[in-house]
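Hello,

Here is the model we spoke about. Please have a look at it, then read my notes below.

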Amino acid sequence: MNGEGITDVSGFPETPFEFDDGEGRAIEVREYDGEREALLSMYEEFDPGDRAQGIPPVRGDALERWLEGILEGVNTVAWDGNDAVGHATLVGDEGMDAHELAIFVAQSHQHAGVGSRLIRGVLSLAYDRGVRDVWLSVERWNRAAVRLYNGVGFEKTRREGFEIEMGTRLTV
Amino acid sequence: MKTVLGIGGTDDSIRALEHTLDRVAETGDELTVAVIENPDSTPAGDEVEDRVEGIIEEYGVDADVVRLSGDPGSALVEFAESNGYDEIVLGGGETSAMGKIQVGRVAEFVLLNSHTSVKLVR
């Protein structure tokens with residue numbers, strides 16, 4: 001058992017912000033503001049191979065219910081024009097102080113630096129909203145994701161199984 | 001079919017029991033419920049056993065209940081293999097607030113070590 005990491009969010013970009021991704025596309029990261037349909041479209045097109053531990057759900061009604069639940073947390077969306085191409089979300093656990101983090105990037109915009117901007121944006125926003133402890137679970141074989149989380153301070157907090165649990169504490 | 005269901009008392013293991021009892025009511029399969037010491041479960045062994053007996057009675061099907069001590073995963077695998085079971089049934093994992101499925105430690109061990117077929121109930 002290891003302790004959680006520490007994430008200094010003071011160097012992270014504050015939403016909203018813009019950047020050019022690795023493919024030269026202008027991407028804007030903003031806090032979610034009711035653009036439910038655009039997010040649903042992104043998830044409906046989501047490559048089933050990129051699903052993580054059963055989310056996003058594939059079926060329409062399950063997908064809508066899932067999205068409704070997580071949109072109550074802290075949410076940032078990456079936009080390429082009018083298309084949602086990435087989504088980072090923090091959901092509070094009942095009876096726990098820690099928030100659970102998940103991040104999704106559309107297949108068309110992976111490996112272009114969108115995820116690393118999106119995660120910094122959501123952690124910075126979450127800190128402003130009073131979130132301090134963040135945890136996540138990730139499939140052990142998803143090395144790219146583990147690297148991304150390590151890069152912003154997350155450390156393994158549980159014995160490694162099929163999935164790895166990681167955690168961090170936000171500070172400035 | 002001869003089935004052994006491993007149960008430690010977590011919510012997903014209780015769901016697996018109910019699902020399996022429904023199946024047994026239809027098929028008449030032979031079912032043994034093995035109460036294991038799951039480190040991830042808060043209810044202790046006696047409490048789990050009482051609950052299991054109660055649920056089985058409710059469903060009105062025949063099932064034996066046994067207690068396995070020691071490491072839950074290896075105890076279950078050994079029990080299934082040395083008693084000629086065709087299938088091990090386990091809860092399919094808990095779901096986090098985010099909706100992510102997290103497979104329990106016992107299920108992980110059994111999946112990787114059992115020569116008997118394993119069924120995870122979702």
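A definition to start with: buried means under 20% relative accessible area, exposed means over 50%, and partly exposed is in between (1.4 Å probe, protein chains only). The model is predicted: local features need pLDDT of at least 70, side-chain atom pairs count only at pLDDT 80 or more, and totals for chains, interfaces and linings use all residues. Residues are numbered from 1 along each chain as its sequence is written, chains are lettered from A and ligands numbered from 1 in the order in which they are written, and side-chain values use heavy atoms, with hydrogens and water left out.

Chain A

Chain A has 4 helices and 9 strands. (Helices are DSSP runs of H or I with at least four residues, strands are runs of E with at least two, and both are numbered from the N terminus.) The order from the N terminus is β-β-β-α-α-β-β-β-α-β-α-β-β. Chain A has a radius of gyration of 15 Å, close to the 16 Å that the globule rule gives for 172 residues, so it is as compact as a globular protein of that length. (The radius is taken over C-alpha atoms; the rule is 2.2 Å times the number of residues to the power 0.38.) Its C-alpha atoms fill a box of roughly 40 × 35 × 30 Å along the principal axes. Of the 172 residues, 52% are buried.

Salt bridges

The whole structure holds 11 salt bridges over all chains.

- Arg30(A) pairs with Glu35(A), with the closest N and O atoms 3.7 Å apart. Glu35(A) is buried, because its relative accessible area is 18%. Arg30(A) is partly exposed at 26%.
- Glu31(A) pairs with Arg129(A), at 2.7 Å between the closest N and O atoms. Glu31(A) lies in strand β3 (residues 26–31) and Arg129(A) in the loop between α3 (114–128) and β7 (133–139), so the pair ties together parts that are 98 residues apart in sequence. Both count as partly exposed: Glu31(A) at 30%, Arg129(A) at 46%.
- Asp61(A) pairs with Arg65(A), the closest N and O atoms being 3.6 Å apart. They are 4 residues apart in helix α2 (residues 60–70), so about one helical turn separates them. Asp61(A) is partly exposed at 45%, whereas Arg65(A) is exposed at 58%.

There is also a network: salt bridges with shared partners join Arg36(A), Glu37(A), Glu64(A) and Glu68(A).

Chain B

Chain B has 4 helices and 7 strands. Along the sequence they follow β-α-β-α-β-α-β-β-β-α-β. The radius of gyration of chain B is 13 Å, close to the 14 Å from the globule rule for 122 residues, so chain B is as compact as a globular protein of that length. Its C-alpha box is roughly 35 × 30 × 25 Å along the principal axes. Buried residues make up 48% of the 122.

Gly70(B) sits in the loop between β3 (64–67) and α3 (72–82). Gly70(B) is partly exposed, with a relative accessible area of 37%. The C-alpha atoms of Gly70(B) and Glu37(B) are separated by 7.2 Å, though the two are 33 residues apart along the chain.

Best wishes

Definitions and conventions
A salt bridge is a side-chain nitrogen of Lys or Arg within 4 Å of a carboxyl oxygen of Asp or Glu.
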